[in-house]
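Please keep the structure open beside you as you read.

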Amino acid sequence: MSVEQGPISADQYVGGLLMFFYRAVRRNLLLVIILPVVVAALAFAIARQFPPVYGAQASIRLGRFDGAELMSLQSAVARINSPTFKQRALQAMNLPVVGKDRAAQLVAGSLTARSETSDMVAVTVNAPTVQQVRQALDVTVQLLNEEQDRIRQPLMADINEQLANIDANIVSLSQARDSLSAAAKAIEAQPADPASAGFRTVWLLDLASRNEQRLTIAKAERHAMVARLGSWKTYPTTLLDGTFLSPRVVSVSSARIAIVAGLAMLLACILYALMREPRGGHRKLAGTD
Amino acid sequence: VTTSWLASGSLFAALLSVTAVVVSLATSLWIVRRRPGLGMVFFFFLFLFAWRLISVLYIDLAGPLFSEQLERDIGPSISALPIAMSQWLVIAALLFSFRPSRLQELLCETRLPLSEGRLGLSELAFWAVVAFTVALWIELLVRGPIPLFAGMERFDYTPAYGGPLHVRLLEWGPMLALQLGVFFVAPTFRNGAFGRRFAVLFAILLLYLFLVGHRFSSFYLYSSFFIMPIGAALLGQQVRGPHARNLFSGTTLHIAMAGTAFCLLVIVAVAYSYLVVRGFEGAELLSKLSQRILVQQGEMWWMTYERVFVQGDWNGSVAAYKLFVEPFNPSRNSTMHYLMELGLPIERAHFIIGHGSAYAGGWPEVLFELGGPTGGFVLTALSAIIFSKFMFLVVRCIVQERFVTCFFLTPVLYALSIYIVAGMVNSFIQVTFAIKLAVALVVYVTEDRWRSGLVAAPLASSPDPLPAPSKELSI
């Protein structure tokens, strides 16, 4: 017991500590080696039974109408992340909204959106199959388009109505131009007072000129109206690079699960070995002195 | 300062904010005055808590005011109330964990009579740090311009000229400061004098930071970690009662000189940075300082308060996804990245983060973004309990001279500290953190079991837990 009351040097302290650890592990060496290996092997075998999970991240460009956004970026992100949107997505994919269907749980739990650029949303989704991943992304785009259609359709109807009016106007003006042209030819063909014919011709030419101006304006209006619906200013919400999208396995690999389980068991075994080691470090310390 | 809050009849709200802040600050002052050991251990947190509270109160009362970083008006509100309540939870958990009866138990275990041996660990540590410091200074001199003299910002110097040792210091510096503090204070556990050579090493490191363009925050961070072990020693002394040797007897002059030099260093560093490096002057200088001191510490909390408490706009699953699964930069604090993405136009947020900058704050913002207005308090309480328990463990290891465990707990302590001040939660799911935690656990159990075998009954039953004074401790 005398060594217990004498001073312990730092090298003895650290050395004794290491020796205590070494003794504890050595005394339970088989346990410390075999149990983690067995647990890792078991974990590997069990993990192999789990079906894989596929996931993908895709960029969705939000639709615009006449250059203006139909839904703000923040609104789109909030909508996709909302539970109601996920429920609609599940319904559109013919998956049960309630219950413990694995595919439904995976899609609902993983469908997440975040803003990527000023008009693009990055959407991430996981599903049990590659097809379901693609389907979930397609459905997301489809639902967004449906929501945007509520704003887009009245605007589209209004523009179409304006286009129809303009077209009717153009037809009317074209007919008027033809009539005026025919009238001018008729005056030229009829022998009459040259002065009167001249006045009537001038009058007809003035009418034809003004008709032509209105026709030109109407065509310009139509062009501008059609341009508002051009593909560079008006487009639906689309999945970018959808054909090149290749979902990959996102579930944790069996090897990784086995390593984590083995390491956790190793930690538990070492702690067990340390706890079992008798508290007799001082006796060994005496021997080192 | 506007009086919009008064004009709009929200005097009650203002009084509420003021009361919450005053209570919180008074509690912190009480800790510092009545339990200085605890104040030193938690100086890092208490100081930042107070600064953020004052900033948030300023925004509450002076708002609406323009925030340069957010490029929008913020305030007024009663945002000081929930953040003060969050801080109360932490302080309450700390006071409960460090209650006097529990501290008494710290000294029940008999210390091991450690002495200088063939291999002194303090010698080894001292010369290792000396070698590192010398190499660090050589690296500074040979690699390029010295930021202080070249008028260069620290965040420009590090990527352009910072060597491997410089980068290591920035990554591990606070933990090194803690270890220096442990070695500085360790001899006093045996009634010896402070290990002043470690204080000198620490001062040399501060001087290095001064030369490479660091200003207040680094000095504050390093110094807070350095004084933590001193606070633990002071706690031990207070527990022993009036008969215990005064830890600072005969060192008052030295402490005053060191404190004065430290304050001067900080003032010069801040003044040089603002006046020379950045070239601010006149009204612009005042504006920048008021933004830095009074607005920037509280603005991110105000944004969270506005979003979560006022608009009810929070989504825990999205926050968790952005924090843990797909952060903007997984190797850095994802909390602030997420908060910046929420509070700023996305392109601007990514531009700022991409340049290596991040705004101040993060805690308790992250907890309310995850848990909402009610769940946020529950998360705060849980994290406060874990934090206080862990801090007690660290102090216990220092006071009981379990220095091996203390060494391996340091990285965990650093991660927890960064969480409490900046809300960094993604570090907890890193593999490296799990390894650090597992190693610390194994070392703790090993040291605990081994020491319990060393402490024999005759020593344990001794009325005076302190052994006879010996020469300078070597741990």
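1. Let's begin with a helix. At 1.5 Å times one less than its number of residues, the 16 residues of α11(B) should span 22 Å, and its end C-alpha atoms lie 23 Å apart, which agrees. Helices here are DSSP runs (H or I, at least four residues), numbered from the N terminus.

2. A word on the basis: this is a predicted model, where local features need pLDDT of at least 70, side-chain atom pairs count only at pLDDT 80 or more, and totals for chains, interfaces and linings use all residues. Residues are numbered from 1 along each chain as its sequence is written, chains are lettered from A in the order in which they are written, and side-chain values use heavy atoms, without hydrogens and water.

3. Buried residues (under 20% relative accessible area, 1.4 Å probe, protein chains only) of α11(B) include B:F198, B:L201, B:F202 and B:L205. Among the elements that cover the buried residues of α11(B) are α7, α10, α12 and α13 of chain B. After α11(B) comes B:G213, with a positive phi near 90 degrees.

4. Which cysteine sulfur is nearest to that of B:C397? The sulfur of B:C406 is, at 6.1 Å, and B:C397 is in no disulfide, a term for a pair of cysteine sulfur atoms within 2.5 Å. B:C397 is buried, with a relative accessible area of 0%. Over all chains, the count of disulfides is zero.

Key
Buried < 20%, exposed > 50% of the residue type's maximum accessible area, 1.4 Å probe, protein only. Helix = DSSP H or I, 4+ residues; strand = E, 2+ residues; numbered from the N terminus. Contact = heavy atoms within 4.5 Å.
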